[in-house]
Amino acid sequence: MATFSQQFLANVGRPQFAQGMFGLGQAIGGIPGQLEQSRLRQEMAQFDTTTLAGRKGMLQSQLEQAEDPQQRLALGEKISQIEQQEQAEQLRTTQTENVKQLANQIETELGDPELADLVRSEQVSVIQGRAEVKNYIKAREAAKRGKAAQLRYLTSVGLGDSELKAQIEAGEYEGVDEASFARLVTNMQKTEKEQTLLTELRKRGEVGQQVAEELELGIITNSQITDRFQKISAGEPTTKYANKQRMVLDGKVVWTADVTKPGQDEFPGYMDPETKEWKPVDADRLEKISEEQKQSLKDIDKSDLDIAARYLSKDPNFTALSPAEQDQAKFKFALRLNELIGKKEVDTLNEAYEKAYGERDQFQKEGWLARLFGSSEKDSGTSVDRRGRPKPKKDADEYIKEAKQVPQQ
């Protein structure tokens, strides 16, 4: 024992030994700190710092451990910032869900997929979309309460002078399907707004004319008018087209023209119903429309297509079609309706609608439009009025105009 003590004391006197013992003391003294750091690392590992919730949890854990006032203040500020981010994220999620629900409601209840898409793409605001839904609900409630309420509602929305008013006064909409009445009225409002807008655009010179034409063709939407007008006015290169006319392509009525896109040579093209873009087309694929049938095409307006949609929507096969395919089906329904009336194949207006609906499967057959447009028969004799009574041939145009009103169902 004495020998060990003497050796130990001798070693202590050596600087190297003293330094080694100092390091050992440091190591032993640092063990509690290392254990604490290891525990903290394990605790922090449970938080996913790629998410706001994970970062917030980690900071809250650090706040519980911190004792320094300045450190606690800094951690509290970071937690507050994350909570603000969480609130903003929740608001965006709620807004996205509201937009989705509103668009679905517009598409299913109002039957307006175009407006629904504009809401989804935020080209139409939620406020505007909800206003359209509100109008639809008001019209539907008016339909429930009968003739007097229907007439009051028409007047309130500026349709007091429309031909629909006379039909309601005659009792033709007593007991009508509420949703159908609401869709009819809201579509009439939309059509009137569009016609007013087109008229105003055409008054604004060459630029206004071009914007109006692009709107009619579906190249742009109502919400894009201002931006489009500014770009054309600023001299931005635009697509030009000449000799625009309707023709038949692969069983579909399409717009055709001699098209010149910016930086490209002129080419014969057609307006693709799906993409609303001008695409090249081989002239051999196009079928001409007779002058007589071109006039029939001009007689078809949006109200005709809205009525066609009401009838065709009774068929699930129609609702399963794409928007462009639905447009073609509605177009063919309206053409067939005019043909039935013009050739006096029916005695009453209701019979014309029901007959056209009964033939809807024929619309898809190859050559259906060619058969229709290839006809050059001249009508003669007399037509009939809405109640099946004969009337002179000179009133045929008035009868076709009547066909644009929805009959009682």
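Of the contacts in the chain between residues at least 6 apart in sequence, 50% join residues at least 24 apart. The model is a predicted one, and its chain holds 18 helices and 7 strands. Among the 409 residues of the chain, 36% count as buried.

Searching the whole structure turns up 1 aromatic pair. The pair is formed by Tyr241 and Trp278, with ring centres 5.1 Å apart. Their planes meet at 40°, so the pair is classed as tilted; under 30 degrees would have counted as stacked, and over 60 as edge-to-face. Tyr241 belongs to strand β1, which covers residues 240-249, while Trp278 belongs to strand β4, covering residues 278-280. The pair therefore ties together parts that are 37 residues apart in sequence. As for solvent, Tyr241 and Trp278 are both buried.

Aromatic faces also take part in another kind of arrangement, with a charged side chain over the ring. Lys244 lies over the face of Trp255, at 3.7 Å from the ring centre. In a second case, the face of Tyr357 has Arg360 over it, and here the distance from the ring centre is 3.9 Å.

Key
Residues numbered from 1 in each chain as written. Predicted model: local features only at pLDDT ≥ 70, side-chain atom pairs only at ≥ 80, totals over all residues. Heavy atoms only, no water. Phe/Tyr/Trp six-rings, centres within 6.5 Å; stacked < 30°, edge-to-face > 60°. Helix = DSSP H or I, 4+ residues; strand = E, 2+ residues; numbered from the N terminus. Buried < 20%, exposed > 50% of the residue type's maximum accessible area, 1.4 Å probe, protein only. Lys NZ or Arg CZ within 6 Å of the ring centre and 35° of its normal. Contact = heavy atoms within 4.5 Å.
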